[in-house]
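Please look at the sequence and the model first, then read the notes by topic.

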Amino acid sequence: MSDEDLPPASQLIPLDFSSVQTIPESHLWPNLDESSRKIEPDKMISIPVVDLNDDNVSELIGKACEKWGMFQLINHGISKTLITETEEVARCLFALPKSQKMKTLQSPETPTGYSMAGISKYYEKLMWHEGFTILDSPVDGFKKLWPSDYQRFCDIMEEYRLKMKALADKLIRLIFKFLGISDEEIVKLLSYIDPTTGKPHMALRLNSYPPCPDPSKVIGLAAHTDTSLFTMLHQARKYGLQIFNEKEGWIPLARRSDTLIINIGDFLQIISNGRFHSIPHRVMIQETKESTMSMAFFYYPPSHLNVSPYCKPLSETPQTPIYKGVNVKEYFTIKAKNSGNGILAITI
């Protein structure tokens, strides 16, 4: 798929969900497996729970990433109060009239703003979802949303972003320690500002999945992998997130309410030379009278860096790279041109 083949930007504008009575054809997904939507406790899986305060935390994280590509994190240091306040900001944002949200519509010139998920361009059908992406300071966007009362919303969101950034910095050190990667390489990835853009290499994505007249015919977020080192997810509701297993297909996750879900992204799959896998996941819509919320924090390497498989030079069993090295910025383009499957495109 070339850039010319991608849907026009107008197709990526969310519906006005407040006025929807029936599901439009553009959002009807054929052949969805109804059984995958049902909440059956005996068919749900619980991914590993890792305590950040555990003395053996690096090993526990590494083993979970090798087996599952994700884990649940407890004692992560993000207070319940701050999470609740940030979630409330998101709820207030999505509760605004469509006309107000459209004032902050995301574009190449204004990457912080309101939109559907970027993966929408890979699919013919659209998703039952609206989102708001924050790549840098939310001030300009929030001024448009709440002209006379934006500061308190900004303060909460900025505190959440900085706390999540600090947690991400801690986690990447623990992950690299498990992989045996040097402190020098870690420093490259932890430079807060990307010199090519002058912006932090992180993104906070607020997601809303509104109530649906018939949840069995729509999908919240279609199958995808994350183009990040890893992603840290707060999910307001217990159910909805599913992961793909080659043997069992789509499996619903059961999560603990006090955890953040950490899932490996494409860049860590490349760097780990396939020891970790960027696991395909999706979000299914449940029957509910209220919108379901989630907040995803994406942690990237700076766009000017080249990433490649780390193969231990002094290993007893020498490793052969299974992926080509790739520039971070170029990888986003490669993934888009390959309909979301960037890993396959750089596999040797």
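Is the crossing of α2 and α5 left-handed or right-handed? The crossing of α2 and α5 is left-handed, a term for a near helix turned anticlockwise from the far one by less than a right angle, with right-handed used if clockwise.

The model is predicted, so local features need pLDDT of at least 70 and side-chain atom pairs count only at pLDDT 80 or more, while totals for chains, interfaces and linings use all residues. Residues are numbered from 1 along each chain as its sequence is written, and side-chain values use heavy atoms, without hydrogens and water.

**Helix packing**

- Helix α2 (residues 80-95) and helix α5 (residues 151-179) pack with their axes 9 Å apart, at an angle of about 130°.
- Helices (H or I, at least four residues) and strands (E, at least two) are DSSP runs, numbered from the N terminus.
- Axes are lines fitted to C-alpha atoms, for helices over the stretch in contact, and angles run from 0 to 180 degrees between N-to-C directions.
- α2 and α5 are therefore oblique to each other, the class left after roughly parallel (under 35 degrees), roughly antiparallel (over 145) and roughly perpendicular (65 to 115).
- Among the residues making the contact are Leu82, Ile83 and Val89 of α2 and Phe153, Ile156 and Tyr160 of α5; contact means heavy atoms within 4.5 Å.

**Aromatic pairs**

- The whole structure holds twelve aromatic pairs, counted when ring centres of Phe, Tyr and Trp (its six-membered ring) lie within 6.5 Å; planes under 30 degrees apart are stacked, over 60 edge-to-face and the rest tilted.
- Phenylalanine 17 and tryptophan 128 make an edge-to-face pair, 4.9 Å centre to centre with 65° between the planes.
- Phenylalanine 17 lies in the segment before β1 (49-51) and tryptophan 128 in the loop between β3 (113-115) and β4 (130-134), so this pair ties together parts 111 residues apart in sequence.
- Phenylalanine 17 and tryptophan 128 are both buried, meaning under 20% relative accessible area, with exposed over 50% and partly exposed in between (1.4 Å probe, protein chains only).
- Phenylalanine 132 and phenylalanine 142 form a tilted pair, 6.0 Å centre to centre with 50° between the planes.
- Phe267, Phe298, Tyr300, Tyr331 and Phe332 form one aromatic cluster.

**Isoleucine 13**

- Isoleucine 13 is found in the segment before β1 and is partly exposed, with a relative accessible area of 27%.
- Leaving aside neighbours within four places in sequence, isoleucine 13 is in contact with Lys98, Met102, Leu105 and Met116.
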